[in-house]
Amino acid sequence: MIAGRYFPLNECQIGSIQGFSLPCASRSLFIAEDRNKKNGGTGLNVWDGAVLLVRYLEQEHIEEIKGSTVLELGSGCGIVGIAAALFGAKSVVLTDLHYSLPLMKKNVNANSDAIKAAGCVEIECKTCDWLRPVALSQLGLNKERLDFIFVADCVWLEELVAPLMQTLEFYCAESNAIIYMSYQQRGKATHDLLLACLNRAFQVEEIQNDPLIPNNMFIFRCKKM
């Protein structure tokens, strides 16, 4: 478990799987982490930005998400995409690098009963490398029916900004999806670069004056110009 979380999670267990629970749309969302992180990746932990985005979407946009099609980039453990399914999204595709998929799929399976009960028809885990993003059709998505792209706390280094922006622009060129992005500032250079790139590519609204959002964290709503 990551020390010093802004949003503590309750430890729990499903069968032999140890993890955490988060209240979500009158249900309980279960999420497991890989605390060993043997491959050095960051996609095997639940980060505060992901929990923040889940809570914000539940608070402000749950009705819009019901019946929608959602793509999540940098899903990691899968908490945001699974939450979208529990909010009633009709179709959800979670994506990340290949090493994240076994844990992501385990978490989807652990929540399968709640996902079905919420009315989600389809939830899939796919590989998406931001250096070589594949077409929406290869992710099983119809570009005319993609409603939302969620990105939760996926940028902490400058070198990640350009690949993420490339991927967002690529998918938004194919669709009219609305982007919701949570982000925790960890350095000025990365922060300034991300804001400059977002504002150059999209119409950007920063969600402000929300007591849910800590001082060094941000939520952006973006759509193509």
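Predicted model: local features only at pLDDT ≥ 70, side-chain atom pairs only at ≥ 80, totals over all residues.
**Close-up 1. Helix H1 packs alongside helix H3.** Helix H1 covers residues 48-60 and helix H3 covers residues 79-86. Their axes come within 9 Å and cross at roughly 15 degrees, so H1 and H3 are roughly parallel to each other. The crossing of H1 past H3 is right-handed. Look for Ala 50, Val 51, Leu 53 and Val 54 on the H1 side, which meet Ile 79, Val 80 and Ala 83 of H3. This contact is made of seven nonpolar residues, with no polar and no charged ones.

**Close-up 2. Helix H6 meets helix H7.** Here you can find H6 (residues 158-174) and H7 (residues 188-201), with axes that come within 9 Å and cross at roughly 20 degrees. H6 and H7 are therefore roughly parallel to each other, and H6 passes H7 in a right-handed crossing. From H6, the residues in contact are Glu 158, Val 161, Met 165 and Glu 169; from H7, they are Ala 189, Thr 190, Leu 193, Leu 194, Cys 197, Leu 198 and Ala 201. By class, this contact has eight nonpolar residues, one polar and two charged.

**Close-up 3. The second largest pocket and its lining.** This pocket holds about 180 Å³ of space. Its lining includes Gly 67, Ser 68 and Thr 69, then Lys 90 and Ser 91, and also Val 121 and Glu 122. Gly 140, Leu 141, Asn 142, Arg 145 and Asp 147 line the pocket too. Sorted by class, the lining has two nonpolar, six polar and four charged residues.

Definitions and conventions
Residues numbered from 1 in each chain as written. Heavy atoms only, no water. Axes fitted to C-alpha atoms, helices over the stretch in contact; angles between N-to-C directions. Helix = DSSP H or I, 4+ residues; strand = E, 2+ residues; numbered from the N terminus. Parallel < 35°, antiparallel > 145°, perpendicular 65-115°, else oblique. Left-handed = near helix turned anticlockwise from the far one by under 90°. Contact = heavy atoms within 4.5 Å. Nonpolar A, V, L, I, M, F, W, Y, C, P; charged D, E, K, R; others polar. 1 Å grid on protein atoms, 1.4 Å probe; cavity = no way out; pocket = protein on both sides within 12 Å on 5 of 7 lines; lining within 4 Å. Points joined across faces, edges and corners; volume = space filled by probe spheres on them.
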